[in-house]
Structure formats: C-alpha cells, structure tokens
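Hi there,

Here is the structure I promised to pass on. Please have a look at it first, and then read my notes below.

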Amino acid sequence: MAILDSPQSRDTTSSSTDNGHGHDRAATIRRRPSARSVEPLLDSDSNSIETESATNDAENDQNEANLIGNLGGGAVESANEEQESESACEGLSFGKEKEEKVKENGESGNGGKGGDASSIKFAYRPSAPAHRKNKESPLSSDAIFKQSHAGLFNLCIVVLVAVNSRLIIENLMKYGWLIKVGFWFGPKSLRDWPLFMCCLSLPIFPLAAFLVEKLVKQKSIPEWVAVFLHVIITTTSILYPVVVILRCDSAVLSGATLMLFACIVWLKLVSYAHTNYDLRVLSKSLDKWEALCSYWDMEYSYDVSFQSLAYFMVAPTLCYQPSYPRTACIRKGWVFRQLIKLVIFSGFMGFIVEQYINPIVQNSQHPLKGDFLYAIERVLKLSVPNLYVWLCMFYCFFHLWLNILAELLCFGDREFYKDWWNARTVEEYWRMWNMPVHKWMVRHIYFPCLRNGISKGIAVLVAFLVSAIFHELCIAVPCHIFKLWAFIGIMFQVPLVIVTNYLQNKFQNSMVGNMMFWCFFCIVGQPMCLLLYYHDLMNRKANAR
C-alpha cells in the first residue's frame with residue numbers, strides 16, 4: 001500500500017499524474033483534489049494551525065482513497081513507491097489482515113487514532129463483498145476430513161456415558177449384584193492341576209529343539225534327520241496339551257490358557273528351527289552372509305546358544321534371531337504403574353463378563369435354532385459388552401502385558417500392534433492388530449510360499465488356513481466342542497478381504513471399509529460365535545448328565 005509521507009511526495013505524485021503517467025490510474029481510484037490543494041496552503045501566510053489541519057485532512061483523504069482501492073481489489077500506486085504498490089495490487093482479504101493494514105494507514109496519517117474510525121467507516125459497509133471465493137460446507141465429502149471434530153467427539157463421549165449409565169442401572173435393577181468372591185477361580189479350579197503340570201512341562205520341547213540344533217551344528221546328524229526331529233518335537237508340543245485338556249474335565253478358562261501357551265511354544269519352535277536352518281544355508285556362502293548382514297545392517301552370527309534360546313522363549317516375540325535390539329535399563333516405576341493398570345482393566349473385564357455377558361447369554365436361545373428376529377436382538381444386545389471385553393483384552397495383553405514383559409527383559413522393539421482401529425479393509429486389520437503373529441506369518445508362511453513358486457493369493461489363503469486352525473484349537477479344545485465355528489469364522493475373512501478391497505478401490509474412501517470391518521468383525525461376528533459356542537457347550541453338559 002502506498003502511503004504519502006510528506007507534501008513533497010504528494011507534489012511529486014501530482015506532477016507525475018499531470019505528465020500522463022497516472023492518467024490510467026485515475027480511472028480506478030477517485031480523484032484526489034486535496035493532494036493539489038496542499039501547495040497554496042503551504043505557500044500562504046495563514047497560521048500554522050490551519051496548515052496542520054489542512055495537511056491532516058489531505059492525509060485522511062489519501063488514506064480513505066487507499067482503503068477504497070483495497071476494497072475494490074486494486075491499489076494506489078505512485079511513481080516513487082512502485083514496489084509497495086505491486087504488493088497492494090493483490091488486494092487484501094477481509095478480517096484480521098485488512099484491519100491491520102487499515103490500522104497501519106491510520107497510524108501513519110493520524111497518529112493511530114484514524115485507523116479505528118476508518119475501519120468502522122469503510123471495512124464493513126453494505127457494499128463490501130461478503131463472498132470472495134469458493135468454499136465447501138464443513139461436513140461435505142471434500143472437506144469433512146479437513147475439519148476438527150473435537151466437539152462431535154465430546155458429544156459421542158457424553159452420549160456413550162449416558163447410554164451405558166442407563167444400561168448399568170437397568171442391569172442392577174433386573175439382576176442385582178452378580179459378582180461373587182473368587183468369580184475367576186472357584187473350587188473347580190483346584191481340579192485343574194493336571195493342566196498346570198502340563199504347562200510347567202512345556203519347556204521340555206525347547207530344550208529338545210536346542211539339542212537337535214547342537215547336534216546338527218556339530219555335524220553329528222544329517223540335515224534331513226534334524227528336520228524330521230523338529231517336526232516330531234513341534235507336533236508333540238501341540239498335541240500333548242490337547243490330550244491333557246480333553247482327558248480332564250477342566251474349566252474353560254484354564255484350558256484356553258494352556259492352549260494359548262502351547263500355541264506360542266509351537267510358533268516359537270517353528271521359528272527357531274526354520275531360522276537356524278536358513279542361517280546354516282547362508283553360512284555356507286560367504287557372499288550371501290555378507291549380503292544378509294549389509295542388507296539388514298545387523299551383525300549376524302550362526303551360533304547355537306542356550307542363552308539365546310532361553311531369552312527368545314520368554315521374549316515378547318515369535319520370530320527367532322540371534323540378537324535383538326535392547327534398551328539400556330529397566331524403569332521400575334513405569335513397570336509398577338503398568339501392573340496397576342493391568343489389574344484394574346482385568347477386573348473391569350471380569351466385571352463385564354459376570355454382570356452383563358453371562359445374563360444375556362443365559363437368557364438367549366441357540367441363534368440357528370430359534371426365532372430369527374430374537375437371535376438378531378440377542379446378538380446386537382451382546383455386541384456392546386462383548387466389544388468392551390474385547391477392547392479390554394487387547395489393551396491388557398498387547399499393550400500392558402507385552403510392554404511389561406519387554407521392559408523387564410530390556411526388549412527394544414515394542415511394535416506389538418499398529419493403528420488397526422483405522423483399518424480401511426479387513427486385510428489391513430489382520431496386518432496391524434497382532435504384529436508378533438503377523439511377522440511370524442510373513443516370515444515363515446507367506447514369503448516361503450512365494451519363494452517356492454506359489455501365487456500371492458494361495459499364499460494368503462494358506463496363512464489364513466493356519467490362523468483358522470489355531471483359533472479353532474484355542475477355543476474348541478477347552479470347550480470340548482469340535483463344530484468348527486472358529487475355523488469357519490476365520491476362513492470367512494477371506495471373502496471379506498476381497499469385498500473390502502474392492503470397495504476401497506471403487507470408492508477410494510476409508511470410511512466404507514472401516515465401517516464394514518467394525519460391523520462384521522465386532523458387532524456381528526464375535527457375538528454370534530460366542531452364542532454358538534455357549535449353547536453347544538450347555539447342550540454338551542446337559543447330555544453328559
């Protein structure tokens with residue numbers, strides 16, 4: 001914006017205008033007679049008060065002309081101030097920037113007092129344009145993700161608290177207080193000592209795998225014998241707990257815990273045997289070994305160490321490697337705080353199971369044998385507390401427990417999960433929600449299939465098949481029910497992967513796939529499986545009596 005600082009500069013502007021350089025500019029701004037009237041005032045013998053007043057009037061008129069030019073999108077230019085006039089030609093936006101420029105003019109022309117008056121007089125006139133550019137509504141599809149929705153998020157929290165408060169009151173009025181002392185471990189838990197002894201005997205299998213690796217490293221046994229022995233060891237490590245659970249009338253929770261430990265041991269033993277086999281192959285070629293170390297930027301060495309195996313068996317990972325990234329120290333205070341959180345959230349999870357899920361399930365019918373609408377009502381009613389329990393389970397195990405274990409062992413890589421809640425497809429969810437299992441699948445199932453000439457689609461199908469088998473073992477064996485509900489549920493994820501990938505590619509919108517994931521997986525799938533297994537379990541117990 002051009003500001004006339006003195007009468008001399010105004011004379012220069014006037015003379016340049018008379019010479020024809022400012023004739024075109026006179027068409028865009030109003031004529032400034034006050035700029036030419038300054039000369040007689042300065043040359044006359046009038047008193048200084050009149051001269052100062054005339055000078056201020058001329059400067060105010062000049063400021064008014066500048067502001068009007070800015071409101072129209074143009075600018076006031078002068079021959080002596082060409083650079084400033086070029087920046088003013090871009091025009092000023094309404095709001096804070098315009099008010100600051102008006103204030104600047106007022107300060108230079110009237111000591112800061114004329115700026116506010118000019119702002120009121122010109123900035124908000126009825127003729128000022130109220131619409132200057134194209135804008136989208138905040139909730140339109142093009143702008144919805146560019147806005148902050150903190151207020152709507154707070155509203156959702158308030159509504160969630162209100163709705164769940166009503167459900168708590170309704171539940172207490174209908175069923176009363178159902179929590180009893182020792183609701184997790186009752187008298188029946190004392191009969192599960194065979195399962196406890198089986199759990200204590202599981203370290204025998206890693207020890208056997210270590211002896212096999214030691215023998216093959218010393219070349220006491222050939223490679224094919226080592227592979228055969230590893231197959232026997234891993235198979236026995238998973239079948240032994242299955243037989244113990246099926247022969248004992250144990251609690252479902254105890255059996256599920258033992259099967260979870262057995263599956264972890266099996267996955268670790270497979271990784272241990274597979275990794276050592278690959279290290280032996282690479283160690284025979286110096287070029288491949290150096291390429292491996294340089295590619296991963298890690299110092300690798302093929303050495304069968306019992307210390308490495310022992311650390312791997314208790315570390316929060318399923319993938320064996322000779323060395324891991326480590327932290328410097330153990331934060332004892334941090335561990336204590338996480339343990340307190342683990343106790344609190346575990347208790348909250350048990351409270352929801354006893355107070356909400358059990359009454360809903362006990363008052364339900366078999367979803368495939370009763371009224372269809374009634375089954376849908378039970379599934380939807382069960383979906384909310386089941387979702388809470390599932391989220392608490394995820395937080396307790398994948399965040400609290402694995403981080404506590406990693407801290408105690410100084411285990412550095414603590415990416416146990418990613419932001420799976422933002423998954424746009426079912427495939428993304430399975431890649432992000434359980435990183436230890438995902439890394440194991442990629443390392444020992446998916447890429448070995450690709451290296452052996454199997455297509456990507458078949459490799460994904462094989463990975464889901466292995467996952468479905470272990471899900472069925474962890475649920476069906478403790479319940480003593482083999483109807484393949486968990487197996488079917490996991491294999492059903494394959495067509496969901498195809499459907500959600502298709503929708504994602506077609507609509508290019510992350511909300512569609514994400515909503516389908518939450519709906520099929522958490523709102524419908526898990527409650528349906530829970531009802532199926534519960535009623536089959538009750539029918540089995542009734543037939544046994």
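Leaving aside neighbours within four places in sequence, which residues is V462 in contact with? The model is a predicted one, and in it V462 touches I445 and C449. V462 itself sits in helix α19. Y446 is 16 residues away from V462 in sequence, and their C-alpha atoms are 7.9 Å apart in space.

Now for the chain as a whole. Its secondary structure comes to 22 helices and 0 strands. Of the 545 residues, 40% are buried. If you take contacts between residues at least 6 apart in sequence, 71% of them join residues at least 24 apart. The accessible surface is about 32100 Å², and carbon and sulfur atoms account for 63% of that.

Just after the helix, G453 has a positive phi of about 85°.

Which residues of α18 are buried? They are M435, P436, W440, M441, H444, I445, Y446, P448 and C449. Both I445 and C449, the contacts of V462, are therefore in the buried set. An α-helix has 3.6 residues a turn, so residues three or four places apart point the same way. The cover over the buried residues of α18 includes α12 (252–283), α17 (426–432) and α19 (456–479).

One more residue to look at is T234, in helix α11 (residues 223–247). Is T234 buried or exposed? Its relative accessibility is 10%, under the 20% limit, so T234 counts as buried. The T234 side chain reaches the backbone oxygen of H230 at 2.8 Å. Not counting residues up to four places away in sequence, T234 touches W266, L269 and V270.

That is everything from my side for now. Happy browsing!

Best wishes

Key: Residues numbered from 1 in each chain as written. Predicted model: local features only at pLDDT ≥ 70, side-chain atom pairs only at ≥ 80, totals over all residues. Heavy atoms only, no water. Buried < 20%, exposed > 50% of the residue type's maximum accessible area, 1.4 Å probe, protein only. Helix = DSSP H or I, 4+ residues; strand = E, 2+ residues; numbered from the N terminus. Contact = heavy atoms within 4.5 Å. Polar contact = N/O pair within 3.5 Å; in protein donor to acceptor, adjacent residues only side chain to side chain. Areas by Shrake-Rupley, 256 points an atom, 1.4 Å probe, with all protein chains shown as cover.
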